[in-house]
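Please look through the sequence and the model below with this report beside you.

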Amino acid sequence: MEEDNKTGHTSRNIKKGHEYKETKTAMFWRRAMGMGGAMDSCGRCMKFSLICINVITLIGGAIALAIGLWVWTSRSFSSTLMSNNMFIASVGVVVAMGVAIMILSLLGCCGAAKEVKCMLLTYYILVFIIFVVMLVGGILQFVFREKVLTTLDRELYASVPYYGVKHEYTKSWDDTQTYLQCCGVKSPNDWHGNLPESCCREAYPGKRIDCKSNQNPTTIYVDGCLDKVIEFLREDAVYVGTAAIIVAIIMLLALILSCGLFVKIE
């Protein structure tokens with residue numbers, strides 16, 4: 001009986017020793033992987049908030065991507081007429097960063113949920129870089145709104161001689177005049193009698209009135225394209241710039257929370 005008790009006691013000690021070794025091994029690997037242990041209520045709140053912020057950032061990145069692609073594909077028809085391509089370049093920055101933000105927000109969610117410090121550190125560095133790029137891209141959109149006033153009229157006049165000579169200029173002028181229902185830079189007189197068919201009003205979609213033999217306000221567009229293009233591009237700049245700055249502000253919150261959570265993980 002006494003021998004059985006000693007055997008049972010020895011078995012329990014061996015079992016406890018194994019459990020202790022397993023615990024130390026687990027702790028070693030958690031530390032090696034940068035995974036934290038228990039956190040206080042403040043740390044848990046930061047963790048939950050960071051996950052929520054990343055979900056919002058994912059949605060914001062998708063919205064920025066959608067707006068950027070919409071402007072790029074369907075509303076950049078007049079870009080060929082402008083020698084200064086800062087507008088399209090800044091839209092491209094927002095589109096690329098929208099994709100990067102969506103991918104990065106998934107990394108942030110995983111890092112916060114698993115409490116992996118190395119993932120959080122990587123996330124923090126990448127978010128900071130994208131935050132700066134998004135902020136600059138958004139500001140460029142608003143800068144472009146003012147710059148366009150000083151250069152657009154000169155660029156439009158410079159492109160008029162290329163109509164009918166270079167395909168890209170011909171298509172861009174036709175698309176601009178059709179979409180904005182305008183003609184010439186400031187008036188139809190800018191075409192010096194060589195009036196493009198796209199200046200003719202449409203009797204119905206796809207069918208234009210013959211305006212070359214009878215030019216009057218009922219057959220041609222009388223408004224110039226300059227003012228309409230300026231208004232159009234300013235509107236686009238507001239859409240893309242506002243989306244970029246809002247996402248940048250959300251990412252600033254993610255930066256603060258990720259930094260706090262990194263410190264809280266033991």
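In this predicted model, a nonpolar surface patch with about 900 Å² of accessible area together is formed by Leu121, Tyr124, Ile125, Leu126, Phe128, Ile129, Val132, Val136, Ile139, Leu140 and Val143. Patch members have over 30% relative accessible area and no salt bridge; nonpolar side chains (Val, Leu, Ile, Met, Phe, Trp, Tyr) are joined within 5 Å, and like charges within 9 Å. A salt bridge here is a side-chain nitrogen of Lys or Arg within 4 Å of a carboxyl oxygen of Asp or Glu, while accessible areas come from the Shrake-Rupley method with a 1.4 Å probe, only the protein chains shown counting as cover for residues.

One of the patch residues, Ile139, lies in helix 4 (residues 117-159), where helices (H or I, at least four residues) and strands (E, at least two) are DSSP runs numbered from the N terminus. Ile139 counts as partly exposed because its relative accessibility is 43%, the class between buried (under 20% relative accessible area) and exposed (over 50%), with a 1.4 Å probe and protein chains only.

Leaving aside neighbours within four places in sequence, Ile130 is in contact (heavy atoms within 4.5 Å) with Met97, Ala100, Ile101, Leu104 and Met251.

Arg201 sits in the loop between helix 5 and strand 1 (202-204) and is partly exposed, with a relative accessible area of 27%. Beyond its neighbours within four places in sequence, its contacts include Arg208, Ile209, Pro217 and Ile220.

The protein averages a pLDDT (the predictor's confidence in each residue, from 0 to 100) of 76, and 77% of the residues score at least 70.

| Residues | pLDDT | Contacts beyond four places in sequence |
|---|---|---|
| residues 13-37 | under 50 | 20 contacts |

Residues are numbered from 1 along each chain as its sequence is written, and side-chain values use heavy atoms, leaving out hydrogens and water. In this predicted model, local features need pLDDT of at least 70 and side-chain atom pairs count only at pLDDT 80 or more, whereas totals for chains, interfaces and linings use all residues.
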